Amino acid sequence: MVIMSFKEKMKGLEGDASYEAKARVLREQLEAKIPAGLRLPPAILEDPPLDITHIPETCGLLSAQELAITELDATAVCQRIAAGELTAVEAVTAFGKRAAIAHQLTACLIDFFLDEGIKQAQQLDEYFQKEGKVIGPFHGLPISVKAHCPVKGTVGCGGFLMNMETSTEDCDMTSILRSLGAVFYVKTNQTHSIMHLESISTYGRVLNPHNTNLTAGGSSGGESALIAMKGSCIGLGTDIGGSIRCPSAHCGIYGIRPSSRTTPTHGLLWYQHGQDGVFASTGPMCRSGRDMRLFLEGVLGANPALLDPDVLPIPLKVPDLTQRKLRVGIMMHDGVVMPHPPTIRALNLLKAKLDASSEVEVVDYTPYDHDRGYSIIRELYYEDGGATVRRLIKEGGENMHPLTEWVISPPYVKNHDAAEIWKLRDRRDIYRREYSDHWWSQNVDVVVCAPFQGTASRHDTAKYWGYTAIWNLLDYPGAVFPTGLVADPTVDVYQKSPSPMSAADEYNISLYDAAIFKGAPVSLQTVSRKFNDGLVLAAQDVIERILKS
């Protein structure tokens, strides 16, 4: 592996002279927003350790109170503000200062507007002092927001230099969050094209705080890195192929992709409006399982279907699982790519713990033709053969990132005429029906599987999304949670030479070197059928509790 300096690791996308001039201005504008009093000493930035998660605690830039506040999850922040034990200003100031530190170490931000966040928080504190109550369930809660989700007056980006903007309005989701009392203070970095698993943009490459030689994931990688650095307790991500779950898994945090069209997406910055072969979802990335529920209960409780006609008015119903045994299917692999040894270790541990529990019944889940399903969704993503992406890159003068080139290239991607699009959608619908029948035949409530074919990957190497994208194709909600395990080179080795199941598996095996992944969090994913989002939350809680008991 090539040894790079820390500065080189964070280097962003390059391009022609015109692009470089514009990119330099954008980076300088962001740099100027980081307060001088929050700048890390050059000695720290020149050669930090691979695991940078403890630097905010030891750098001396945060007070003991600020460090204590940033240890809280979103639920605790809301509870303390509602009880009068914490002010909104104290909360956003602490997380904002820690976010500034996190950005210098991970390139996780594209905009920083803490002063505006403090003004919002002051208004909320004044309301609380006057009325003696909170304005909504998120009163004073600092929420970080992914780059392509507009927040009025802040920088937004639809994946390319050509569709960057200073947003003039909130999108529907941020409008709802604001109405519930949320405070915005940062926008976070994302993937070039918003369509692969390496978060790199004009602003830099996002590094994984647990091991900076690894990716933070994508496309919501700025969010995952920021939350792992505790510069945010909860953030807004989006997911059309794994963009909430993959980065959450890579950075050891929590995240859920809700069933599509249950949370609002209107107003997001995008470049293929009207492409509805597969729908994106908006959802939370956060520090605890209960934060996922807090977010969804708040947003769905605001009845977003009244605002966005594409949203389905389906309430969140979280079942009481103490009244019956939960049937959990364990999917060790998807029949296409075998996960790396750390993930297999986690799955084996979970299976043993669940087998010993009286609360659940364990089933060996057999995947159904995942290779075929993955082929269908890869084709659905770019029905124009990638022409729009190539045009935007050419117009902006930016270089084509290797993973952007990969995601829009044959054999999966080709240009379609109308009849070919109909045929492709028909293949999708046939597969969904076959998979539904297969799921019922397995007699499971939920399935637990890998969220990726290993821990966080080395930079620019993630070329298989099958462990998340298959559930996007089926529109099955999925939540990712950390197991508490990390990759350990002393135990996470192949016991015998692996036999590849496919070309993709052969590639994945070639990427594995146990020493490289040392310290990377190991995460798992809980999945259920469409609109069973509440069951996913309830089951994830039970499964995680048993695993960590």
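This is a predicted model: local features need pLDDT of at least 70, side-chain atom pairs count only at pLDDT 80 or more; totals for chains, interfaces and linings use all residues.
Residues are numbered from 1 along each chain as its sequence is written, and side-chain values use heavy atoms, with hydrogens and water left out.

Click on C59. C59 counts as buried because its relative accessible area is 15%; buried means under 20%, exposed over 50% and partly exposed in between, with a 1.4 Å probe and protein chains only. Now move to C251, also in no disulfide, where the nearest cysteine sulfur is that of C246, 8.9 Å away. C251 is buried too, at 1% relative accessibility.

**D73 in its loop**

Next, select D73, in the loop between helix 5 (64-69) and helix 6 (74-82). Helices (H or I, at least four residues) and strands (E, at least two) are DSSP runs, numbered from the N terminus. At 12% relative accessibility, D73 is buried. Show its side chain: it reaches the backbone nitrogen of A76 at 2.8 Å. The D73 side chain also makes a polar contact with the side chain of S288 at 2.9 Å. A polar contact is a pair of N or O atoms within 3.5 Å; within protein, one must be able to donate a hydrogen and the other to accept it, and residues adjacent in sequence count only if both atoms are side-chain atoms. Leaving aside neighbours within four places in sequence, D73 is in contact (heavy atoms within 4.5 Å) with C233, R287, S288, R290 and D291.

**Helix 13**

Now colour residues 341-355, which form helix 13. Its 15 residues should span 21 Å at 1.5 Å a residue, and the end C-alpha atoms are 21 Å apart, so the two agree; the expected span is 1.5 Å times one less than the number of residues. Among its buried residues are I344, L347, L350 and L354. The buried residues of helix 13 pack against several elements, including strand 11 (326-330), strand 12 (360-364) and helix 20 (533-547).

**V328**

Finish on V328. Not counting residues up to four places away in sequence, V328 touches L354, V360, V446 and I543, among others.

Conventions. A disulfide is a pair of cysteine sulfur atoms within 2.5 Å.
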